[in-house]
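Hi everyone, thanks for coming along. Let me put the structure up, and then I'll walk you through a few places in it.

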Amino acid sequence: MSGPAPRSRGGERGIALAAAVFALVALAALLAGLWFAALQEYRIGENVVGARRAFDAAEAGLDAAVAGWNPGTLDRLGVADTAVFSGSLGGGTASYSGVVERLGPALFLLRSTGRDARGPSRATLAAVVRLAPLRLGVPAALVASGPVRLGAGATVDALAADTGGACAGTAHTAAGVVIADGAGLDSSGCSAGSCLRGTPAWSVDTALRGASVPLLGESGWASLVAAAETIGVGGALPSGAPAWYAPGDLTLPTAVPAGPAVLLVGGDLVLETGAQVNGLVVVRGRLIVRGAGGTIRGSVLAAGADLAALGAARASLLYSGCTVEGALAGAAPARPLQERSWGVIY
């Protein structure tokens with residue numbers, strides 16, 4: 001006995017192929033979407049990293065401008081005058097360029113733009129900095145932590161008024177010599193102490209004992225050295241520099257550029273006949289004169305001084321607090337303001 005004949009499935013022919021094709025298309029679309037999303041995430045990440053590099057470069061530009069502050073150039077800018085700076089991050093991943101603009105006697109505006117080397121990202125920061133001159137309050141024409149010897153031809157005068165420049169007419173009342181130990185002051189070569197004038201003529205400050213750099217200390221010395229032009233072989237002083245630094249002994253010739261300026265000497269300083277300096281002179285060794293010596297108007301900080309080896313002419317240390325302040329102001333580094341010193345421009 002036979003059963004019913006099977007029905008034909010011709011209407012369902014090819015459905016598996018269509019389902020497979022649909023599945024492949026859906027999978028391809030899903031993969032394309034995932035790829036697109038991943039690509040977008042990658043681009044966003046690259047943009048974020050590029051923006052960060054640009055921001056870091058702009059910030060590094062501000063830091064470099066402050067750390068590399070050149071008083072000889074920047075402190076002498078006029079109001080609204082500008083100077084440019086530029087540089088790059090390590091590895092060349094980003095660069096920066098910027099402008100320093102003087103806003104007033106002590107304020108400067110710094111603008112630094114950082115650029116990513118691998119893309120179009122850029123960032124600009126601005127900061128306001130203020131000149132920070134060293135405040136010393138130098139108390140005498142000569143401050144010494146070691147022995148001082150004066151001769152008949154020497155003059156250490158802290159009472160004479162200034163006669164020239166911006167300080168002309170300024171009167172002073174300061175000590176002639178401040179020394180660490182009174183026994184170290186030898187003025188026997190002066191007739192009745194005629195070579196030493198001040199209020200008082202001399203005084204003792206025991207805090208100076210053992211000081212490698214009187215009043216300044218090592219930190220003050222390092223700060224001024226960083227702002228100074230190094231004197232090359234032969235002792236020629238760079239013209240127009242606000243501060244000069246001689247790592248070792250220095251002999252000053254007659255031709256000394258006009259000041260006021262800061263002169264830093266790592267060894268002994270020898271004044272030859274006719275040498276003249278206006279400003280603050282800091283000597284880690286001794287101040288020595290030869291021949292007729294010279295003139296220093298301002299103040300001298302030294303480990304010792306020998307002003308006795310003179311001829312018939314006179315050598316003078318003339319106190320001028322105004323000149324010292326002018327010299328320190330001319331060599332002043334810049335410091336960011338303590339609060340909200342920088343901001344993002346764009």
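**A pocket, a helix and an aspartate**

The lining of the second largest pocket is made up of eight nonpolar, two polar and two charged residues. Here Ala, Val, Leu, Ile, Met, Phe, Trp, Tyr, Cys and Pro count as nonpolar, Asp, Glu, Lys and Arg as charged, and the others, Gly among them, as polar. Before I go on: this is a predicted model, where local features need pLDDT of at least 70, side-chain atom pairs count only at pLDDT 80 or more, and totals for chains, interfaces and linings use all residues. Residues are numbered from 1 along each chain as its sequence is written, and side-chain values use heavy atoms, with hydrogens and water left out.

Next, helix α4, residues 321–330; helices are DSSP runs of H or I, at least four residues, and strands are runs of E, at least two, numbered from the N terminus. Which residues of α4 are buried? They are Gly321, Thr323, Val324, Ala327 and Leu328, where buried means under 20% relative accessible area with a 1.4 Å probe, protein chains only. These residues sit on the same side of α4, because they cover an arc of only 160° around the axis, taken from the directions from the helix axis to the C-beta atoms.

Finally, Asp306, in strand β18. Asp306 counts as buried because its relative accessibility is 14%. Its side chain makes a polar contact with the side chain of Arg149, at 3.1 Å; that term means a pair of N or O atoms within 3.5 Å, and within protein one must be able to donate a hydrogen and the other to accept it, while residues adjacent in sequence count only if both atoms are side-chain atoms.

Key. Buried < 20%, exposed > 50% of the residue type's maximum accessible area, 1.4 Å probe, protein only.
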